[in-house]
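Hi everyone, thanks for coming. Let's take a few minutes to walk through this model together, starting with the overall picture and then moving to a few places in the chain.

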Amino acid sequence: MSRLFEPVKFRDVEIRNRAWVAPMCQYSAVDGLPGDWHLVHLGQFATGGAGLVISEATAVAPEGRISPGDTGLYDDEQVAAWRRITDFVRARGAAVGVQLAHAGRKASTSAPWEGGHSLPEDSGGWPTVSSTDRPFGQLSAPRALDTAEVAALPGRFAEAARRAEEAGFDVVELHFAHGYLAHQFYSPLVNDRTDEYGGDFAGRVRLLLEITEAVRGVWPAGKPLFARISATDWSEEGWTGADSVRLAALLAERGVDLVDASTGGAVAGISVPVGPGYQVPHARQIRQEAGVPTGAVGMITSPEQAEEILASGSADAVLLARQLLRDPHWPLHAADRLRADPLWPKQYERAAAR
């Protein structure tokens, strides 16, 4: 069996292969509620053979949504809406995860196809908050959270994790990347605080560690907890790969089972050397130097490329996004290309026998 189609187990959750669905924002929810669009969007990847399907960045508070169309887990009504989707995904043989997030100063924007600009309150927007009062690019300036408000954030994540358990998710991923609120704290390009949540490395990562501890405290011990980080800010003055190794070890000590290694997003105007597998070296560095399992993401498109990433020890799983939008059955096609056991979902067994 190829490495790509080798099952992997985290805590009590066995995942049928290592071809996973990365979170992809859909900007299509109403009042934080996922609907038919989300059922079809996520369900297609489960029927296509993915091992783990992770939902989009899902807000832990209304003001934490990137846009008014983002999903949430800050309301009990959202639990039932998600349960319909998790039941379907799991029945197709895939594990299902949710990415818990707070957008901070990148919140209250229109959908990308509507310009991605800040929304005023009379157009459905809301005031934003951050570690700082400086804006991201051309977005509206946020209000800097006071110390007590920052200290209350882990509780919001924990409440969302409790709802995620009720909603039937197998995995929670903490979104600590892409310039959203947590990243606004640990990136030295953004955090200009003088309280205990700013200053040196320990101060800047304090919120992340408190969130992790709070979520791990309510998330079932038998279910895995992942964290997505931006492993570099792509700036000499910013967050570095060495910082990520240090952070990954601290997260693992607090119960994180895998670090999903993405990059960038803290500030506007940074040049990123985008290309096939351009973020894989960061997953490899964290895995080798911190001894923490990692997921690799970013322009992974071919089965052979995915197989090489895993076989070389660069990561424990690959997460695909745009390639799966192009081909939701990519895992099944990859199994055929690699001559591996595809671990067919049950509804394919009869068709395969014909």
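Two housekeeping points. This is a predicted model, so to speak of a local feature we need pLDDT of at least 70, side-chain atom pairs count only at pLDDT 80 or more, and totals for chains, interfaces and linings use all residues. Residues are numbered from 1 along each chain as its sequence is written, and side-chain values use heavy atoms, with hydrogens and water left out.

Now the overall picture. The protein has 11 helices and 12 strands; these are DSSP runs, H or I of at least four residues for helices and E of at least two for strands, numbered from the N terminus. Its radius of gyration is 19 Å, close to the 20 Å that the globule rule gives for 354 residues, so the protein is as compact as a globular protein of that length. That radius is taken over C-alpha atoms, and the rule is 2.2 Å times the number of residues to the power 0.38. The C-alpha trace spans about 65 × 40 × 40 Å along its principal axes.

Let's zoom in on strand β12, residues 317–320. Ala 317 and Leu 319 point one way, Val 318 and Leu 320 point the other way, and all are buried. Which strands pair with β12? Strand β3, residues 19–21, runs parallel to β12 and is joined to it by 3 bridges, and β11, residues 294–297, also pairs with β12 in the parallel sense over 3 bridges. Pairing here needs at least two DSSP bridges between the strands.

Next, a helix residue: Gln 305, in α8, residues 303–311. Is Gln 305 buried or exposed? Gln 305 counts as buried, because its relative accessibility is 19%. Leaving aside neighbours within four places in sequence, Gln 305 is in contact (heavy atoms within 4.5 Å) with Pro 276, Gly 277, Met 299 and Ile 300.

Finally, Leu 332 sits in helix α10, residues 330–337, and counts as buried at 7% relative accessibility. C-alpha to C-alpha, Leu 332 and Leu 207 are 40 Å apart in space, and they are 125 residues apart in sequence.

Technical notes: Buried means under 20% relative accessible area, exposed over 50%, partly exposed in between (1.4 Å probe, protein chains only).
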